[in-house]
Amino acid sequence: MSRFFDELETRKPEAREEAYASALPQQVARAQALPGYGGSLSAVDAAVVTSVADLASLPVLRKSALVEAQSTSCPFGGLTTRAPSGFTHIFQSPGPIYEPGGGEHDWWRMGRFLNACGIGQGDIVQNCFGYHLTPAGMIFESGARAVGAAVLPAGTGQTELQARAAHDVGVTAYAGTPDYLKVILDKADTMGLKLNITKAAVGGGALFPSLRQEYADRGISCLQCYATADLGNIAYESEAMDGMIVDENVIVEIVRPGTGDPVAPGEVGEVVVTTLNPDYPLIRFATGDMSAVLEGESPCGRSNMRIKGWMGRADQTTKIKGMFVRPEQVAALVAKHDEIAKARVIAGREGEMDVMTVQIEAEGGSADHYMQTVVDTLKLKGKIEVVAKGSLPNDGKVIDDQRVYE
């Protein structure tokens, strides 16, 4: 098995940029022709969208818009270039939200991740992702086929049967959530069964360092990916375990929550993804997840951009004094004063009352100077603290709910 899935993983940045320059205008044009975008891209000249920087001028597509589109044009909201009957699978995720699936080679691009896990011909993968309605099971099965591995379609539950099958079949690799592998291993121990699992490809939950170490102590190399039902694989770990490498057929931006504005490298923000899949051309799709760009290239030799992995949720909307405060409002507050670099709303309690504190990063200016802007944009009064630039935490939070509910 090759160390790399294909030559795209190690290409020079200039070659990747040239590929984007060719692919992006076509993908934007495909999206413009779809009724699901509702004219939001009508003013865009697709021919001039040739780089990641050019994407920043396009609107962000949020999950809420996708749900709304599907409510009027089921099942895919007019956002696919194929008719529903033209896909191999149709899935349903909570919401409900419907996602398409293609039977073509590695349609969700999961093979790249499994290859990085060392999974390939000669392996038998016990796939413990769900196969019922939701797409995760098929996403990982498609990846296993792409690297030539056999699949035991185990799904979830029935742990005793899972342990018995893993032993009897001679499973060598696991795919599933990070914690369920431990459940199978522990069950096999109680049953006196020796398992041959040495590789694990996980996703859909947090892989805590202590759990990864426990697997390593059992002789199992465990790597994780970041994928969604809408987009397929977005980023993945390699053997270097130094950040997550962005897949070659998506473009990732990190933006300030509540906006589509890219943040500086290293700053935490919301993950926005443009997929180059011609069947489902999602342009600047907001995942709702937080991450940050990890500068430099991976020591493993893969040259694409890296992110730090999942760092929380971007939808920080909260209710203070009976009023919703949203990230978009905080962004509007920042935009109204050129000298403001960042702002952060803190929800707290004093006695039995909600209190709001607005921290503003700015050079100079008094709290009174910003009071009316805060009231106009947040529709609430609160304490204002003007703090030095660079003093707010780099965690992507623009709304921090510190209230404790007992």
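What follows is a set of questions and answers about how features of this predicted model are named.

Author: This is a predicted model, in which local features need pLDDT of at least 70, side-chain atom pairs count only at pLDDT 80 or more, and totals for chains, interfaces and linings use all residues. Residues are numbered from 1 along each chain as its sequence is written, and side-chain values use heavy atoms, with hydrogens and water left out.

Reader: Why is Phe76 called buried?

Author: Buried means under 20% relative accessible area, exposed means over 50%, and partly exposed lies in between (1.4 Å probe, protein chains only). Phe76 has a relative accessible area of 2%, so Phe76 is buried. Phe87, at 8% relative accessibility, counts as buried too.

Reader: What makes Phe76 and Phe87 an aromatic pair, and of which kind?

Author: Rings of Phe, Tyr and Trp (its six-membered ring) pair if their centres lie within 6.5 Å; planes under 30 degrees apart count as stacked, over 60 as edge-to-face and the rest as tilted. For Phe76 and Phe87 the values are 5.6 Å centre to centre and 80° between the planes, which makes the pair edge-to-face. The structure holds five aromatic pairs. Phe76 and Phe87 also belong to one aromatic cluster with Phe91, Trp107 and Trp108.

Reader: Why is the pair said to tie parts together?

Author: Both Phe76 and Phe87 lie in the loop between helix H3 (63-72) and strand E1 (89-93), so the pair ties together parts that are eleven residues apart in sequence. Helices (H or I, at least four residues) and strands (E, at least two) are DSSP runs, numbered from the N terminus.

Reader: How do you know that Arg82 lies over the face of Phe87?

Author: A charge sits over a ring if NZ of Lys or CZ of Arg is within 6 Å of the ring centre and within 35 degrees of the ring normal. Arg82 is at 5.1 Å from the ring centre of Phe87 and lies over its face.

Reader: What makes a group of residues a nonpolar core, and which residues have the most contacts inside the largest one?

Author: A nonpolar core is a set of buried Ala, Val, Leu, Ile, Met, Phe, Trp, Tyr and Cys residues joined through side-chain atoms within 4.5 Å. The largest one here has 36 residues, and Tyr37, Leu58, Val252 and Ile307 have the most contacts inside it. Helix H1 (13-32) and strand E8 (232-236) are among the elements that give it two or more residues. A second, separate core has 27 residues, including Phe113 and Ala149.

Reader: Which residues does Val252 touch?

Author: Contact means heavy atoms within 4.5 Å. Leaving out residues up to four places away in sequence, Val252 touches Ile234, Val246, Val271, Val272, Val273, Met305 and Ile307.

Reader: Why are E10 and E12 called edge strands?

Author: Two strands pair if DSSP finds at least two bridges between them. Six bridges join E10 to E11, and Ile254 stands opposite Val271 in E11. The open sheet has the order E10-E11-E12, with antiparallel pairing. E10 and strand E12 (285-291) each have a single partner strand, so one side of each is left without a neighbour in the sheet.
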